[in-house]
Every structure is written in C-alpha cells, then in structure tokens.
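Please look through the sequence and the model below before reading on. The report that follows takes up a helix, a pair of strands and a pair of helices in turn.

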Amino acid sequence: EGRPSGAAYGFTLTLRRILETEKPDLVAVAFDPPGKTFRHKSFAAYKATREKMPEDLVHQQDWLREIVRAHGVPIYEVPGYEADDVIGTLARAAEDAGHEVRIVTGDKDFMQLVSERVQLHNVFKQDSDVTLEGLDAVREKFGTGPEGVVEVLAIMGDASDNVPGVKGIGEKGAKKLIEAYGTVAGVLDHLDEVKGKAREHIERDRDQLLLSRDLVTIHTDVPLEIGRA
C-alpha cells in the first residue's frame, strides 16, 4: 500500500531474535497509553519539549500491537502510567518471585532497577552485539550503585523528558555530589559544605530538584494483574 513499515519491521526482528535466541520463560511488552500520566499532574511541562511523533510512525503503533499479540506475547498498557513504570512493576514482581530478569531497553533511567537478578538487555547499541548491563555497568555510567541513579538524574535533569534538575550542574557535577553525600536529601542537609556556584544553583533550584527526583523515579507499584493483559 506504499505505507512506511520500517519501525514495525525492525521491532519484529528484535522481538523474534529475543524469543528465538533467549527463549525466555516469561515475556511481556509494555506500551505508553494515550493521554497524560501522573507525572503531568505533578509537572505540566513534563515532556513538553519532546517533538511530536512523525506521522509515518504513528500508524505503525497499531501494527506493533498486532505483531506482539500474533507472537502470543501479552501487552500491558495502564492508563495514567508510563510503560517505564509498568516494566518496573513487572521486573520487581519477577525478581521477587525468584526469576532472572532482563529489561530490554537502551534507556539509562532503567539502571535504577538493576540488581543481582535484574539486568538491562541492550539490543540498541549500533555496531555491537547484545549487551547485558548489570551492576558494574551502572557504576561505570553513574559512579554509584542503582540506589544512586535517581539521585544523580534528579540533579542533572533530563532534557529529553524536560525534567529540569538543577540548572548549571551537569552529569559530572551531579555524580560528584552524590558520591560525596549519597542522596539528594544528603546534599540538601550538607548544603553549607557544597562549594562555589553549585551551592547557589541548588539553593535557587531546591524545589525543582525535589520535583525532578519524583519525576525520574520509576514506580514499581503500578496496579495491574500479573499474568494478564
């Protein structure tokens, strides 16, 4: 019909590759639902700077759902929550049940969920084989364990999601602060010890720093029935 299908084709190849080579005992796919989420209620400008999805991708969204169902894989799509939160909830539930968990993503935010049993299965790195990212990868990327990922992200912000963070402090500065004080709360408790412009920036942006921490935290308690979609 002359309609673009590249995204659906690439997605299908990836899905089949995982099913055929990894042979997971359990697998699910999460989609973002239409409409706003609880994060928009906290911060109306959340993701406001993100470009609108190109038209040639919009119509492929329905195809993706058809493809997933055709492979017998359940879909989770929960109104008011992002796919990230659904994935986080499923990952924690699977971990608690004793499974080894792989989250298929190239998104660094998911590093906050990594543990001894949870790894990121990054199939999106170009010119590279599939990469499993565990605790060592988290420390290499953020200079901290998974428990510190949210803290670093809160300070540095995220331009792609329009998470403000602290203006004037980037990834390097955020890592140093969390390395020194452990958490955003620890930074605020010891603000008198923070030197130079960084202290001024944090004092100025204290409220949006706390907001940013909430925005970047992946929720793992989404109300859904495990095993149903």
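Which residues are exposed on the other side of helix 4? They are E66, R69 and A70, where exposed means over 50% relative accessible area, buried under 20% and partly exposed in between, with a 1.4 Å probe and protein chains only. This is a predicted model, in which local features need pLDDT of at least 70 and side-chain atom pairs count only at pLDDT 80 or more, while totals for chains, interfaces and linings use all residues. Residues are numbered from 1 along each chain as its sequence is written, and side-chain values use heavy atoms, with hydrogens and water left out.

Helices (H or I, at least four residues) and strands (E, at least two) are DSSP runs numbered from the N terminus. Helix 4 covers residues 60-70, and its buried residues are Q60, L64, R65, I67 and V68. Seen down the helix 4 axis, these fall within an arc of 160°, taken from the directions from the axis to the C-beta atoms, so they line one face of the helix. Just after helix 4, G72 has a positive phi of about 75°.

In strand 3, the side chains alternate between two faces, as the table shows.

Within strand 4, L120 is the bridge partner of I103.

How values were computed
Pairing = 2+ DSSP bridges.
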